Amino acid sequence: MTPSDVRIDLHTHSSASDGTGTPSQVVRDARAAGLDVVALTDHDTTSGWAEAAHEAQRAGVALVRGTEVSALAGGVSVHLLSYLQDPASSVLADVLARTRDSREHRAERMVDRLAAGGVPITWADVLLQAKDAVAVGRPHIADALVELGVVPDRSAAFVDLLSARGPYYVGYAAPTAVDAVRAVVAAGGVPVFAHPGADGRGRVVADDVIEELADAGLAALEVDHRDHSPAQRDRLRALADGLGLLVTGSSDYHGAGKPNVLGENLTDPVVLAAIEERGSMPVVRP
Ligand code: AMP
Ligand code: ZN
Ligand code: FE
Ligand code: FE
């Protein structure tokens, strides 16, 4: 928590990617959670922006339009938050379109592997769960497994069946992290490294990679995130300080799909002001 009266949560997901609520629902949830500012950051898409912006003005919450950009750094999957980029800029939009395409093929291949391994799941089961999502992810496969009674909930599906370390995992094509930072900057966005120390999900990058990203234009590290221990937060805060990077905090809310609670980590208003200063789109204010 930041010692401030303004409550800012800069990382959430809607049904445009793998959250369970529609973009309007996420905004209403943010309002109900007492947030003043919320960022919608669906994986590899901006398709939820218009609906969220409309609802934000109605509900009285400020909205930061963003995207969680998938990237790869030496084989390690990394997530980069892009804030306030121009969605019409083709540099980043083309990168995201390629990733979405690869995500869909990859999810289908994971289903093939699961089926070959004796898990009774079909691609149609996943499509039923993905609904209006334009970025298909493992959480949609998890939802299909829950629906089929194979596992009790999303988290259980990730323990073995969908684990990045498991036998059914398939990766997807994504830009290198440096290229992703450059594409975000070229689109007038502000790039922030999401959960850089989340080693519970898979491998994480070494500090020299973060240094390289800082040189390419990275603005901040998402230090306050539930996947970071207190010790990791201290370490990342010191790293950010040494590299002249800002620090953000957020919930990574996925609706009913994950235990993450809106507002469980917050971002300092001074940091948001610096992000808005650097971005090419305004924060949508009611
Ligand atoms: P993907 O991008 O398709 O590889 O899926 C990764 C997404 O799955 C993450 O962004 C999270 O939203 C979700 N996820 C990762 N680990 C877990 C977990 N243990 N339980 C629930 N959801 C998870
Ligand atoms: Zn997600
Ligand atoms: Fe992420
Ligand atoms: Fe996320």
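How many helices and strands does the protein have? The protein has ten helices and seven strands, where helices (H or I, at least four residues) and strands (E, at least two) are DSSP runs numbered from the N terminus. This is a predicted model, in which local features need pLDDT of at least 70 and side-chain atom pairs count only at pLDDT 80 or more, while totals for chains, interfaces and linings use all residues. Residues are numbered from 1 along each chain as its sequence is written, chains are lettered from A and ligands numbered from 1 in the order in which they are written, and side-chain values use heavy atoms, with hydrogens and water left out.

**Overall form**

- With 286 residues, a compact globule would have a radius of gyration near 19 Å, and the 18 Å of the protein agrees with that. The radius is taken over C-alpha atoms, and the globule rule is 2.2 Å times the number of residues to the power 0.38.
- Along the principal axes, the C-alpha atoms fill a box of roughly 50 × 45 × 40 Å.
- Of the 286 residues, 56% count as buried. Buried means under 20% relative accessible area, exposed means over 50%, and partly exposed lies in between (1.4 Å probe, protein chains only).
- The accessible surface comes to about 11,700 Å², and 52% of this belongs to carbon and sulfur atoms. These areas come from the Shrake-Rupley method with a 1.4 Å probe; for residues, only the protein chains shown count as cover.
- Among contacts between residues at least 6 apart in sequence, 73% join residues at least 24 apart. A contact means heavy atoms within 4.5 Å.
- The mean positions of the 25 positive and 39 negative charges are 1 Å apart. Lys and Arg count as positive and Asp and Glu as negative, while His and the chain ends are not counted. Each charge is placed at NZ of Lys, CZ of Arg, CG of Asp or CD of Glu.

**The iron ion (ligand 3)**

- Glu68 (OE), His79 (ND1) and His195 (NE2) coordinate the iron ion (ligand 3) at 2.0 to 2.2 Å. Donors are N, O and S atoms within 2.8 Å of the metal (3.2 Å for Na, K and Ca); water is not among the atoms, so sites may look incomplete.
- The spacing of these donor residues in sequence is E-x10-H-x115-H. Glu68 is in strand β3 (residues 62-73) and His79 in strand β4 (residues 76-83), eleven residues apart.
- Glu68 is buried, with a relative accessible area of 1%, and His79 is buried at 10%.

**The zinc ion (ligand 2)**

- The protein donors of the zinc ion (ligand 2) are two OD atoms listed for Asp18, together with His43 (NE2) and His254 (NE2), lying 2.0 to 2.6 Å from it.
- His43 lies in strand β2 (residues 37-43) and His254 in the loop between β7 (246-249) and α10 (269-278), so the pair ties together parts that are 211 residues apart in sequence.
- Both His43 and His254 are buried.
- The donor residues are spaced D-x24-H-x210-H in sequence.
- The zinc ion (ligand 2) and the iron ion (ligand 3) are 5.6 Å apart.

- Thr41 lies in strand β2 and counts as buried, at 0% relative accessibility.
- Leaving aside neighbours within four places in sequence, Thr41 is in contact with residues including Leu10, His13, Glu68 and Tyr83.
- Asp44 lies in the loop between β2 and α2 (49-59) and is buried, with a relative accessible area of 0%.

**Positive phi values**

- Most residues other than glycine have a negative phi.
- Asp44 is not a glycine, yet has a positive phi of about 55°.
- Leu84, also a residue other than glycine, has a positive phi near 60°. Leu84 is found in the loop between β4 and α3 (90-116) and is buried at 0% relative accessibility.

**Strand β3 and helix α7**

- Leu72 is in strand β3 and is partly exposed, with a relative accessible area of 30%.
- Ala177 lies in helix α7 (residues 177-186) and is buried, with a relative accessible area of 5%.
- Leu72 and Ala177 are 105 residues apart in sequence, and their C-alpha atoms are 5.5 Å apart in space.
- Beyond neighbours within four places in sequence, the contacts of Leu72 include Ser77, Tyr172 and Pro175.
- Ala177 and Leu213 are 36 residues apart in sequence and 7.3 Å apart in space, C-alpha to C-alpha. With neighbours within four places in sequence left aside, Ala177 is in contact with Ala71, Leu72, Ala73, Val78 and Leu213.
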